[in-house]
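Subject: Structure handover and findings

Dear colleague,

Please find the structure below, handed over for your records. My notes on what was found in it follow directly after.

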Amino acid sequence: MKYSYIKPRKKTPFTTDVQLILTFFSITLIMLLTTYAFLLFKDYSFSKERKELVKSRLALEKNIEDMDNKIAYIKKQKEVAQKVHTQNMVLKDSIANLFDLVPERITLSRAELLKNGLILYGVTPNKDVYNFMLQAPLRSIFQKTYTSFYPAQNGWLQFVSTNYINEDENEELNSEN
Amino acid sequence: MFAKIFEALYRKVLVNIVVKRASTLVYIEMTSKKGAVDNVQSEFETTKPDEKMLDFITTYTKESPYYYISILDMSSLQGALPTCSKNRLSYYYDLSNCEYKCYDGKWTYYTAKTELYEIEKTYKETGVDFIFSPFVVLANFFKDKIGGSLALYALVQDSFISIAVFEEGKLLYAEHLDMETSNEVDDILLSNDMEEENLDLELDSGIDLESVDVDDDGSELDDLGDIEDLDSLEELDEFDDSKDAEEELLESEDVLDEADEGSFNEDYQRFSLIQTSIAHYYKDDRYESTFLENMYIADAVGVSKDLKKYLEEEMFLNVYIRKTEIDAEVCELAKEELGL
C-alpha cells in the first residue's frame, strides 16, 4: 500500500561514478574496436593490394616476356636488316665496280641484276671494243658469259650480254660472308 | 529487465529522518533481499540538514544507488478526516491547498502543499522520496488495536501529538496538535485550572452552617438512591470489560519514568492538549462522538507516569502506553512502500 504523499524518485544504477566508468570503458572499447576495424580494413586493403601487385607482376612478367620476344625479333630483324644492308652495300659496290668496268666507248642502255647473274644491254662501236674492254673483265667475274650482237641504225652494234655465276660457288661465297 | 537485475544486486539504503524540537534523528537501515543487513542511528543538534548530517547520510547513500529518503511530516497544518469520499471531504476541511491520500478506502490524511514543498526545499541536497503522515504511523503502529472497539489513539512526539479516534478500523476523529503553537492556549487552560483550584480551596475551607437551610426538603438527598444503581454488579462488570487486559500485561513490562520538573510541565501540556482535543471531539457536531473509555498512547519521547495519571484521573480513561521508536516505524512504512 502507498502511504507517502510523494512518489519516490526514479532510481538508476547508473550513478555519476558508474557513468564515468562506463564512459571510460565505452570510449576504450570504441577505440579498440575502431583500431581493430582499421587493422582489419588495412589487412584487407593490403591483401587486395598484394593480389593486385601479384597480378600486376604476372602481367609485367608477361609483358617482359613479350618484350623480350619482341626484342629478340627486332634483334633478328636488325640482323637481317644489317645483312640486307651489307648485301646492298656489297651489291652497290658490285654495281659500282660493274659500271667502273664499262669503258667510256661502250654505252649501257639497260642492266638486269639476277640472283646469280647479270644481263647487260648496250651499244658498242664494234665487237673488238666490247671483247677487249668489257667481256674480259666480265669473264673474270662470271663463269658463263653469252653475248649476242645486232647492228644499230648508226652503224654501231647493239649487244645483249648474259652472265651467270655457278650456284655452288655462289653458295660458298654467301656462307663465307 | 536490466533495472530489476541491477536492483537485485544492490542493497537498499533506507534513510529515515525525524525532525524533533531541537534536533534531527537520522535512522539508516540497509536491506537486502534477505532482510535488514545493518542499521545505524544518529542524532544531530539541528532541525535543518547541516554539513555533518549530510556527510553522515552521504556516507551510506553512496554505497548504493537504490537509496530512499523518508521524512516524517512534522507540519502543523495536517490532519486526518473520517471519510474517503471526495464530496464529503470539504464538509470537514477545505483541502484545496492540501495534498491528501486515502488510507485503505476508509479515511483520509492530509497536509498542506506548501509544507511539502518546504520539506522538499529543505532537503534538496539529499532529495526526498517519501513523506509520511504521523497518522499513518499511528494507524500502522496500532494496527492490532484500531480494528477493535472504540478507543482514542495518540502518537506522542516531543513537539507534536497526533490524536485519532478509531472504532472497528473506522476513523471517527483526528487532530494534529502542535505543542509549540498551542502554548498560548495552554496558558489559558492553566489559568482556568487555577481558578477551579481556588474554588475548590474555598470549598475545602469549611461549610458555613448558617447558610444551611434546616428546612431543606432533602430532595437533593433523594438522588443518593442512584448510588444503588452504580453499585450494581452488572455495571461494574461492564466497566471491567472495557479494560484491555492484554495491553495492561504488556504495559506492566515497561516501566514509566518518574517525572522531573521539565517533563512534568510537558506532560501537563500534553494532557491539556489531549483534553482540549477530546472536548472538540465531543462538542463538534460533524463527528460521531461516543464516550471514550480506552486510550492507547504510542510514546516516542518517554512520557512520565504523570500523563497517564492525569488522563486516568481527570478523564476517566484506561490509558495504555506503548513505547515506540518512531524512526523505525517510518522505516517500516518505507519498506511497505517499496514492497520489501
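A residue is called exposed here when its relative accessible area is over 50%, and buried when that area is under 20%. L9(B), at a relative accessible area of 65%, is therefore exposed. Please note that the model is a predicted one.

L9(B) belongs to helix 1 of chain B, which covers residues 2-9. Together with M1(B), F2(B) and I5(B), L9(B) makes a nonpolar surface patch of about 540 Å².

The sheet of chain A

In chain A, four strands form an open sheet in the order 1-2-4-3, and the pairing is antiparallel. The edges are taken by strand 1 (107-113) and strand 3 (144-151) of chain A; each has a single partner strand, so one side of each is without a neighbour in the sheet. From one strand to the next, the twist averages 15°.

Strand 1 of chain A pairs with strand 2 (residues 117-124) of chain A in the antiparallel sense, over six bridges. Within this pairing, L113(A) has L118(A), in strand 2 of chain A, as its bridge partner. Helix 2 of chain A, residues 127-141, packs on the sheet and touches strand 2, strand 3 and strand 4 (157-164) of chain A. The direction of helix 2 makes about 160° with that of strand 3 of chain A.

The sheet of chain B

Chain B contains an open sheet of five strands in the order 11-10-9-12-13, with mixed pairing. Its edge strands are strand 11 (170-178) and strand 13 (318-323) of chain B, each of which pairs on one side only. The twist in this sheet averages 15° from one strand to the next.

Strand 9 (residues 151-156) and strand 12 (residues 294-299) of chain B pair in the parallel sense over five bridges. For V156(B), the bridge partner in strand 12 of chain B is D299(B). Helix 5 of chain B, residues 134-141, packs on the sheet, where it touches strand 9, strand 10 (160-167), strand 11, strand 12 and strand 13 of chain B. The direction of helix 5 makes about 50° with that of strand 10 of chain B.

Loop residues of chain B

T324(B) is found in the loop between strand 13 and helix 14 (326-338) of chain B. Its relative accessibility is 7%, so T324(B) counts as buried. Leaving aside residues up to four places away in sequence, T324(B) touches F141(B), L155(B), A298(B), D299(B), A300(B) and E329(B). One of these contacts, D299(B), is the bridge partner of V156(B) mentioned above.

E168(B) sits in the loop between strand 10 and strand 11 of chain B. Phi of E168(B) is near 50°, a positive value in a residue other than glycine. With 60% relative accessibility, E168(B) counts as exposed.

F316(B) lies in the loop between helix 13 (305-315) and strand 13 of chain B. F316(B) is not a glycine, yet its phi is positive, at about 55°. The relative accessible area of F316(B) is 58%, so this residue is exposed.

With kind regards

Technical notes
Residues numbered from 1 in each chain as written. Chains lettered and ligands numbered in written order. Predicted model: local features only at pLDDT ≥ 70, side-chain atom pairs only at ≥ 80, totals over all residues. Heavy atoms only, no water. Pairing = 2+ DSSP bridges. Helix = DSSP H or I, 4+ residues; strand = E, 2+ residues; numbered from the N terminus. Axes fitted to C-alpha atoms, helices over the stretch in contact; angles between N-to-C directions. Contact = heavy atoms within 4.5 Å. Patch = residues over 30% accessible without salt bridge, like charges linked within 9 Å, V, L, I, M, F, W, Y side chains within 5 Å. Areas by Shrake-Rupley, 256 points an atom, 1.4 Å probe, with all protein chains shown as cover. Salt bridge = Lys/Arg side-chain N within 4 Å of Asp/Glu carboxyl O. Buried < 20%, exposed > 50% of the residue type's maximum accessible area, 1.4 Å probe, protein only.
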